[in-house]
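Try each task before reading its solution.

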Amino acid sequence: MKENQTIDELLNEFEKHLRTLQRGRYTLRGYWQIWKPLKRFMAAEGIMYYDNSVGDQFIKSKLDEYDYASLDRMQRHLVNKVDALYVFQSTGQVFFGTAPLRRTPPKLLTGEIGVAMQNFISYKAATFALSKSTQNHHLNALHGFLTFLSSKEVKSIVDINEVYLVSFMKSLDPTTLATNHSKLGVLKSFLTYLYTEKIHNKDYSDVIQRTNYKSQPKLPSFFSAEDIACIIKKIDRGNPSGKRDYALVLLAAKLGLRVSDIARLKFENINWDKGVIEIVQFKTQKEIVLPLLPEVGNAIIDYLKYARPVSNEPYCFVQHIYPFKPITPEDVTGKIGIYIRRSGIVLKNRHKGAHALRHSFATQLLENKTPLPVISEALGHTHTASTMLYLRVDKQQLKQCALDVPMVAPAFYQQKGVFVS
């Protein structure tokens, strides 16, 4: 870290570094919107050299005491841009978005109880082949219980008892029934693990009562073929980003790929000779083979030949700003969401994200009377029960299941001697 550095010296180095990263004038303008008031603040306070304490003083002068998580977009912009100065001053690197100083710290399972929790997650992952997202769900659920125990100064497994379990259940938000049901299910399984592995001498899993919560899946949002056409029409394919985004939308709408699989699509996954895409799904770890439709293949070729920046990344799609890292699932979701909102189609009571395109793909297969097992295979579902959800949006098929209303006996209208005409 450089000491005794004036604000002008720091800003000049920062701006020079941004230009080497090929950042445009709009990005620089966003930084200077914050830097100019910062320079005026330092001049007014008679501060010559910049460090993190100066940045904190400036932020406090603007926001007073604050909770970062509760700030609005512009207030976070202020904090992030000031934090970025100190991060650059300390490391010589520029972090975009939320600076490391404000990022939510990772949830760690520490101490005797935390180690047992981590061992439990590892056991479940190895035994039941849990996906990464399910493992993270277990970690989040158990971390909440561990935090509660820490607040009660419970540090040993043998000290976990019925009193603390009941108290923890009472502490849960009663309005989040689905979340509570899920958390308590993980906790119940953890308590069973402690007893069966002889880590705890008593089985407290019975204390966790089943909530009888049954979630009713919402009808999936989907778009018609005309809606999809409107979405695609809003993509400007005359620029590099548009060529990439066009391919992203087609992969979701025409092949039903999840955003996680689109972002992780590699060159090796596309078999041009056979005309197929072969991937192992990130969510289910199930291997699927999808036809490389001409429309989709041509869009990918157009992007790779005429728009993709020069990069050694093995992934097909990359960000179009230096250092041209692979796009993330969040990038895919954001890009597709932009074109959905720009399309002009009616979005009331409908999801506006990329997953709606996957639903639309499944719905179109249903309308074409594609057998359920084929749809399940195309979507990469492990069980056809997951695909059954889409049957509820097929109105034409549901109409065929309707039963005639039975005739009502005349005696019904003459009950208690009163005749109803």
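**Exercise 1.** Is Lys243 buried or exposed, and what is its relative accessible area?

Solution. The model is predicted: local features need pLDDT of at least 70, side-chain atom pairs count only at pLDDT 80 or more, and totals for chains, interfaces and linings use all residues. Residues are numbered from 1 along each chain as its sequence is written, and side-chain values use heavy atoms, with hydrogens and water left out.

Step 1: take the cut-offs. Buried means under 20% relative accessible area, exposed over 50%, and partly exposed in between (1.4 Å probe, protein chains only).
Step 2: apply them. Lys243 has a relative accessible area of 17%, so Lys243 is buried.

**Exercise 2.** Find the salt bridge between Asp302 and Lys243, and state which helices it links.

Solution. Step 1: set the rule. A salt bridge is a side-chain nitrogen of Lys or Arg within 4 Å of a carboxyl oxygen of Asp or Glu.
Step 1: check the pair. The side chains of Asp302 and Lys243 meet at 3.1 Å, N to O.
Step 2: Asp302 lies in helix α12 (residues 294-306) and Lys243 in helix α10 (residues 240-255), 59 residues apart. Helices here are DSSP runs of H or I with at least four residues, strands are runs of E with at least two, and both are numbered from the N terminus.
Step 3: Asp302 is partly exposed, at 23% relative accessibility.

**Exercise 3.** How many salt bridges does the rule give in total? Examine the one between Lys39 and Asp8.

Solution. Step 1: the count is 5.
Step 1: Lys39 and Asp8 meet through their side chains at 2.8 Å, N to O. This pair joins distant parts of the chain, with Lys39 in helix α2 (residues 25-45) and Asp8 in helix α1 (residues 7-20), 31 residues apart.
Step 2: Lys39 is partly exposed at 31%. Asp8 is partly exposed at 38%.

**Exercise 4.** Which strands stand at the edges of the sheet, and why?

Solution. Step 1: pairing requires at least two DSSP bridges between two strands.
Step 1: read the order. The open sheet has 3 strands, β1-β2-β3, with antiparallel pairing.
Step 2: find the edges. β1 (270-271) and β3 (287-291) each have a single partner strand, so one side of each is left without a neighbour in the sheet.
Step 3: inspect one pair. Strand β2 (residues 276-280) is joined to β3 by 5 bridges. Val280 stands opposite Glu287 in β3.
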